[in-house]
Amino acid sequence: MLDFLLNNWVELAGTVAAFVYLFFSIRQNIWLWLCGILTSLLYIFVFGESALYADMGLQVYYLIVSIYGWVIWVRGGVSHNKSEMPVRRLTSKMLYKLLGVHTAIYALILGLLLFLPEQLGIQSSSLPYLDALTTSASIVATWMLAEKYLENWLVWIFVDFISMGMYVYKGLDITAFLFAGYTIAAIIGYRTWTKSE
């Protein structure tokens, strides 16, 4: 057991930080963004070691969005004359924009995953199509969370479920467990946020 803990401490610490992040996300607590920074730093290492390069790159994006989310949530409550930024729903126009953005990001990431490792002389990306899909959807969903769109949780349900399977396949059992928890938490988050509209 001690060997397991020593060999997997970064993944374990990232998982704990991620569960705290989830807890704060569901409760609409602004401290989620600081937990997001810690989680991202730890998972940059985990995904790099597992040759899941898109997921690793996504963690850098999460660092940036965590800062953005913090600022938006602080300013959002003030601009709406409330103690916290209100939950809102996507319009049809915004949905189509986000689908377009997702498609463009997916194509870009997939192209990079298919061709860049060989050019850099590194191991080929594992599961490039699914890795690109979950990464591009996560980019969109994280922005939606920062803007407090209710539907971010629906995207997360999809992303977390698919990611869980990827991590089982890659032998990242602790992270697969985390994403099983993420899937359940996304369902709870959707229900909780729906009640707070």
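Leaving aside residues up to four places away in sequence, threonine 134 touches Asp55, Val159, Ile162, Ser163 and Met166. In this predicted model, threonine 134 belongs to helix α6, which covers residues 128-146. Is threonine 134 buried or exposed? Its relative accessibility is 1%, and because buried means under 20%, threonine 134 counts as buried.

The chain holds eight helices and zero strands, and from the N terminus on its elements run α-α-α-α-α-α-α-α. The radius of gyration is 17 Å, close to the 16 Å that the globule rule gives for 197 residues, so the chain is as compact as a globular protein of that length. Taken along the principal axes, the C-alpha atoms fill a box of roughly 50 × 40 × 25 Å. Of the 197 residues, 46% count as buried. Among contacts with a separation of 6 or more, 71% come from residues 24 or more positions apart. The chain exposes about 10,400 Å², and carbon and sulfur atoms supply 70% of that area.

Which residues touch the most other members of the largest nonpolar core? In this core of 45 residues, they are Leu32, Trp33, Trp73, Leu145, Tyr167 and Trp193. Two or more residues each are given to this core by α2 (9-26), α3 (32-49), α4 (53-79), α5 (92-120), α6, α7 (152-169) and α8 (173-195). Apart from this core lies another, of six residues, among them Leu90, Met94, Val140 and Met144. Tryptophan 33, one of the residues named for the largest core, shows what such packing looks like up close. Not counting residues up to four places away in sequence, tryptophan 33 touches Tyr21, Val65, Ser66, Gly69, Trp70, Trp73, Leu145 and Ala146.

The buried residues of α2 are Val10, Glu11, Gly14, Thr15, Ala17, Ala18, Tyr21, Leu22, Phe24, Ser25 and Ile26. These buried residues pack against α3, α6, α7 and α8. Just after the helix, glutamine 28 takes a positive phi of about 55 degrees.

Phenylalanine 19 also has its place in α2, but at 30% relative accessibility this residue counts as partly exposed. Which residues does phenylalanine 19 contact, leaving aside its neighbours within four places in sequence? They are Phe177, Leu178 and Gly181. Phenylalanine 19 and leucine 178 are 159 residues apart in sequence, yet 7.5 Å apart in space, C-alpha to C-alpha.

Aromatic rings complete the picture. The structure holds twelve aromatic pairs. For phenylalanine 23 and phenylalanine 24, the ring centres are 5.7 Å apart and the planes stand at 55 degrees, so the pair is tilted. Phenylalanine 23 is partly exposed, with a relative accessible area of 46%, whereas phenylalanine 24 is buried, with a relative accessible area of 18%. Elsewhere, ring pairs link Tyr43, Phe47, Tyr167, Phe179 and Tyr182 into a cluster. Tyr167 is also one of the residues that touch the most other members of the largest nonpolar core.

Definitions and conventions. Residues are numbered from 1 along each chain as its sequence is written. This is a predicted model: local features need pLDDT of at least 70, side-chain atom pairs count only at pLDDT 80 or more; totals for chains, interfaces and linings use all residues. Side-chain values use heavy atoms; hydrogens and water are left out. Helices (H or I, at least four residues) and strands (E, at least two) are DSSP runs, numbered from the N terminus. Buried means under 20% relative accessible area, exposed over 50%, partly exposed in between (1.4 Å probe, protein chains only). Contact means heavy atoms within 4.5 Å. A nonpolar core is a set of buried Ala, Val, Leu, Ile, Met, Phe, Trp, Tyr and Cys residues joined through side-chain atoms within 4.5 Å. The radius of gyration is taken over C-alpha atoms; the globule rule is 2.2 Å times the number of residues to the power 0.38. Accessible areas come from the Shrake-Rupley method with a 1.4 Å probe; for residues, only the protein chains shown count as cover. Rings of Phe, Tyr and Trp (its six-membered ring) pair if their centres lie within 6.5 Å; planes under 30 degrees apart count as stacked, over 60 as edge-to-face and the rest as tilted.
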